[in-house]
Amino acid sequence: MSSPYDLIVLGAGPAGAAAAIKARSLGLSVAVIDEAPAAGGQVYRAPSPAPTATQPDADRAKGDALRAKLAASGAVLYANHRVWSLTPGFSVIAIGPDGPLTLEASNLIVAAGAIERHIPVTGWTLPGVIGLAGATILLKAHGVLPGRRVVVAGSGPLLLLAASKIVAAGGEVAAVVDAAPRASWLARAGAMLARPDLMAKGAGWLLALLKARVPIHSGAAIRTIHGTDGVEAVTIGPVDRDWRPVGGAERTVPADAVCLGFGLLPSTEVTRLLGAKHRYEPELGGWVPALDASLQTSVPGLFVAGDGAGVRGADAAPLSGELAALGVISRLGRGGDLAGEATKIENAWRRSSRFGAAMSALAMPPPGAAALIAPQATVCRCEGLTRATLDAAIAAGARTLADLKATTRCGMGPCGGRVCGEAAAMLIGAATGWDRETIGQPSARPPLRPVPLAAITGAFDYDELPIPAPAPL
Ligand SMILES: Cc1cc2nc3c(=O)[nH]c(=O)nc-3n(C[C@H](O)[C@H](O)[C@H](O)COP(=O)(O)OP(=O)(O)OC[C@H]3O[C@@H](n4cnc5c(N)ncnc54)[C@H](O)[C@@H]3O)c2cc1C
């Protein structure tokens with residue numbers, strides 16, 4: 001066990017790194033822990049040391065600057081450490097290259113980012129189908145194309161980012177398939193204009209695709225991904241404003257890979273495990289922890305920053321990190337009067353959030369999107385459960401994610417519901433018309449991430465295990 005710090009920051013992405021740097025600048029002892037080999041998070045992920053060439057870009061430069069600043073701050077970075085459990089107060093329990101590690105602090109900033117939202121269309125379990133956000137990591141950190149001829153499908157701005165990166169890296173994009181109609185993008189033009197620089201970045205991605213003559217289908221979705229041992233072709237068809245498949249021209253395009261994703265949802269397993277209150281905010285990607293003005297949860301000393309507090313994007317993330325750090329400092333009664341600085345940061349955060357939240361809302365599937373999931377499609381990959389199986393359990397009375405888990409094991413595998421939970425909740429909503437607050441969240445239990453059993457049990461000898469005496473009959 002490592003000696004107590006004033007603050008532990010879980011996650012060294014833009015939010016966590018900014019929180020640690022700010023807290024160090026005001027004299028706190030800070031540990032930062034992340035499962036990645038280097039700081040940077042998803043957007044500023046450090047390139048892999050493998051010899052594959054990756055293309056340097058603006059994000060790489062920003063990531064390098066952030067890593068240098070964090071290293072100079074004096075915060076202790078535990079990279080390559082996967083946090084799999086936490087206890088109140090707080091103990092952060094992780095597994096790293098040298099074995100188990102437990103860190104202790106009375107203040108914890110969770111900056112664990114976001115996870116991808118999946119809608120399980122038919123064929124999504126075939127080799128060659130990867131997450132849309134995951135594809136950006138393949139391209140940015142490893143310089144690897146997802147395939148030679150790729151369909152990029154789903155919703156939100158990551159579609160344009162991933163497709164333009166594939167084209168820039170020499171791959172072919174067979175089609176971009178965006179479930180949101182063009183009108184949905186136009187409806188968010190006001191919020192986008194709040195950040196002309198980011199809007200110009202998106203326009204640059206679009207122009208690159210138009211120049212490469214990539215077909216862009218708006219108001220359309222994948223009906224089926226075909227193939228036997230891998231992706232061979234993709235059938236695309238139109239959807240209505242609620243993303244329900246409608247009649248009209250279907251087309252089948254040959255492809256060897258599909259990047260598929262429907263936006264991001266805040267990663268809330270840590271705050272759920274620690275018993276914080278949450279609320280459902282579709283504009284911010286779904287379930288978010290309920291926070292006060294200093295970004296503190298309902299659990300004293302537990303703060304949240306970045307996309308884990310609501311998906312607002314990479315520009316807003318560091319501002320919320322700084323705000324949470326100021327919250328910790330004022331909780332500790334250190335640093336003097338920081339109210340003026342907090343207000344300034346909060347105002348900038350709100351401005352940046354407007355753009356990010358508009359993009360997040362654009363990617364958010366409306367309730368009709370449940371119709372994209374065919375009865376034979378596998379929804380829970382860990383347990384091999386199809387929509388038909390889950391629908392049968394719902395028809396028999398399962399009304400919450402906990403009910404579905406108890407009756408079918410949906411969400412009980414290694415993903416802990418992170419991959420299937422959203423789709424399962426959509427199916428309950430489609431059958432009952434209930435809102436997400438009523439349907440509930442997946443429960444969070446350790447291990448939060450898959451870890452070797454020895455990390456949990458420690459070394460033991462079966463013969464030395466104490467065996468309790470049999471209970472009297
Ligand atoms: C896969 C993926 C790819 C993305 N790519 C882009 C992109 O290319 N461009 C873009 O603008 N936005 C991208 N985004 C969105 C982007 O992540 C955010 O807007 C921004 O990075 C949020 O910053 P953050 O600090 O809140 O979280 P993140 O940058 O996600 O950082 C969170 C950090 O927490 C760590 N972490 C989480 N859980 C644990 C745990 N249990 N144990 C140890 N460490 C943990 C992660 O390793 C990560 O480094 C992507 C999101 C995802 C999920």
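**Labels and the values behind them**

Visitor: Why is R195 called buried?

Guide: R195 has a relative accessible area of 15%. Buried means under 20%, exposed means over 50%, and partly exposed is the range in between, using a 1.4 Å probe and protein chains only. R195 therefore counts as buried, as 15% is under 20%. Keep in mind that this is a predicted model, where local features need pLDDT of at least 70 and side-chain atom pairs count only at pLDDT 80 or more, while totals for chains, interfaces and linings use all residues. Residues are numbered from 1 along each chain as its sequence is written, and side-chain values use heavy atoms, leaving out hydrogens and water.

Visitor: Is D315 buried or partly exposed?

Guide: D315 is partly exposed, because its relative accessibility is 26%.

Visitor: How do you know that D59 and K201 form a salt bridge?

Guide: Their closest N and O atoms are 3.9 Å apart, so the pair meets the cut-off. D59 is buried at 11%, whereas K201, at 38%, is partly exposed. The search of the whole structure finds 20 salt bridges.

Visitor: What can you say about the salt bridge of R279 and E281?

Guide: There the closest N and O atoms are 2.8 Å apart. R279 is partly exposed at 34%, and E281 is partly exposed at 24%. Elsewhere, salt bridges that share partners join E35, R82, E269, R418 and R449 into one network.

Visitor: What makes β4, β5 and β6 an open sheet?

Guide: Two strands pair if DSSP finds at least two bridges between them. Five bridges join β4 (residues 82-87) to β5, and six join β5 to β6 (residues 99-104), so both pairings qualify. The order is β4-β5-β6, with antiparallel pairing. β4 and β6 stand at the edges with a single partner strand each, so one side of each has no neighbour in the sheet.

Visitor: Which residues stand opposite each other there?

Guide: L86 has V92 of β5 as its bridge partner, V92 has L103 of β6, and S91 stands opposite E104 in β6. As for the turns, the β4-β5 hairpin has three residues between the strands, and G89 takes a positive phi near 115°. The hairpin of β5 and β6 has two residues between its strands.

Visitor: How do you know that both faces of β5 are covered?

Guide: S91, I93 and I95 on one side are buried, and so are V92, A94 and G96 on the other.

Visitor: Why are the buried residues of α11 said to be on one side?

Guide: In α11 (residues 387-395), the buried residues are R387, L390, A393 and I394. They cover an arc of only 125° around the axis, which puts them on the same side of α11 (the arc is that of the directions from the helix axis to the C-beta atoms). In general, an α-helix has 3.6 residues a turn, so residues three or four places apart point the same way.

Visitor: And why is I236 called buried?

Guide: I236, in strand β14 (residues 233-238), has a relative accessibility of 3%, so it counts as buried. Beyond four places in sequence, its contacts (heavy atoms within 4.5 Å) include A175, H217 and R251. I236 and R251 are 15 residues apart in sequence, yet 5.4 Å apart from C-alpha to C-alpha.

How values were computed:
Helix = DSSP H or I, 4+ residues; strand = E, 2+ residues; numbered from the N terminus. Salt bridge = Lys/Arg side-chain N within 4 Å of Asp/Glu carboxyl O.
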